[in-house]
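The tour goes from stop to stop.

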Amino acid sequence: MTNPTSQALARVKPSATMAMSAKARALKAEGRDCIALSQGEPDFDTPDNIKEAACRAIAEGKTKYTDVDGIPELKDAICGKFKRENGLEYKRSQVNVSPGGKPVIFNAFMATLNPGDEVVIPTPYWVSYPDMALLCGATPVFAETSIEDGFKLRPEVLAKAITPHTKWLVLNSPSNPSGAAYTADELRALAAVLLDFPHVMVLTDDMYEHLTYGDFEFTTIAQVEPRLYERTLTMNGVSKAYSMTGWRIGYAAGPEWLIKAMSNVMGQTTSNPCSISQWAAVEALNGTQDFIPKNKKLFQDRRDLVVSMLNQAQGIKCPTPEGAFYVYPSIAGLIGKKAPSGKVIDSDETFALELLQSECVALVHGGAFGLSPCFRISYATSNQCLEEACARIQRFCGAVS
């Protein structure tokens with residue numbers, strides 16, 4: 001019998017970040033001292049007040065099914081967050097809570113996309129965006145950025161990418177994988193283009209909102225251009241800033257018709273997010289935020305360490321990102337040269353695999369994010385691990401000939 005998987009599944013590929021993490025785990029199982037910098041997960045524990053809220057929810061019996069797209073208390077907390085931090089007014093009926101950030105995006109796409117529709121995605125992109133569009137029968141259209149532009153989409157490139165078939169533009173700021181974040185003026189310039197194309201909706205993925213560094217001030221596109229409010233889905237979650245990756249709570253706010261459609265999708269797929277996680281997220285959004293600046297300072301110090309050490313490696317150019325916990329260096333200076341094994345480095349994937357075998361450092365090649373020749377490092381780990389990993393990368397690059 002032939003493999004009976006669907007045509008839809010054949011359009012997508014496995015996550016490269018998960019694949020590299022699996023390779024690192026396999027090497028560790030062999031007893032090798034492997035440093036994995038491939039997965040985007042804070043190494044901090046979930047704050048105690050949030051864990052205690054979850055325990056109270058269990059003790060109080062809040063363990064039953066909830067409303068499909070979120071309990072009223074969490075929707076109120078989300079509305080309060082958007083008003084307090086972003087100056088955006090939403091009602092409960094405009095808010096969706098899903099079991100993670102991925103389902104927010106997938107449900108929005110499933111609720112709106114048809115074969116022949118297009119989704120504009122700037123490169124480099126988070127690996128799941130194009131595959132989710134493909135699963136929903138649409139076509140991803142890639143709008144390329146460059147290291148010279150700080151990996152940010154230029155208005156003229158956006159205008160060129162939009163066609164009559166465009167349904168969505170996906171914006172991710174700060175970005176996974178590059179860490180690039182758009183200023184208010186940069187968002188206004190993109191918004192000016194979008195105002196000329198009223199058929200295009202905007203999905204803005206703000207998952208790393210609270211992780212920006214220096215004097216950078218975060219803004220989101222519906223905030224800087226109110227005329228886009230009715231066609232913008234503003235997405236966020238508790239996973240990164242609150243160290244709650246495993247709790248699986250993502251959320252978004254947007255037009256009522258879209259939120260209702262997303263709820264209909266959830267009603268026939270996942271149903272509600274975990275009830276206990278929802279109550280924990282209420283505390284995350286409404287409780288103390290004191291730990292966020294402390295964690296930001298630690299991440300900024302790690303960013304500066306990694307950028308400095310990578311820029312001292314032969315053939316690597318590493319820009320300083322505005323946010324998130326990733327760097328996205330170029331290895332253009334290494335392409336065509338030989339790795340210590342003697343193999344020619346003909347791509348960033350070859351670079352990543354050779355580095356893994358030679359120095360046991362796991363990172364993700366830029367081709368997985370749609371822009372080469374680069375690689376992504378997550379610096380969401382200890383300074384000691386980062387120093388050792390970067391020293392190994394320096395040693396590997398120094399041996400390239």
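Helices (H or I, at least four residues) and strands (E, at least two) are DSSP runs, numbered from the N terminus. This is a predicted model: local features need pLDDT of at least 70, side-chain atom pairs need pLDDT 80 or more, and totals for chains, interfaces and linings use all residues. Residues count from 1 along each chain as its sequence is written, and side-chain values use heavy atoms, without hydrogens and water.

Select A368. It is in the loop between β11 (364-365) and β12. At 9% relative accessibility A368 is buried (under 20% relative accessible area; exposed is over 50%, partly exposed in between; 1.4 Å probe, protein chains only). Leaving aside residues up to four places away in sequence, A368 touches A16, Y125 and V127 (heavy atoms within 4.5 Å).

Next, the rings. Phe, Tyr and Trp rings (six-membered for Trp) pair if their centres lie within 6.5 Å; planes under 30 degrees apart are stacked, over 60 edge-to-face, the rest tilted. The count is 17 aromatic pairs.

Select F151 and Y328. Their centres are 5.3 Å apart and their planes at 80 degrees, so this pair is edge-to-face. The two residues are 177 apart in the chain. Both F151 and Y328 are buried.

Move to F351 and F375. With centres 5.4 Å apart and planes at 20 degrees, the pair is stacked. F351 lies in helix α13, F375 in strand β12 (residues 375-378). Both F351 and F375 are buried.

Now select F44, Y208, F299, F325, Y326 and Y379: ring pairs link them into a cluster.
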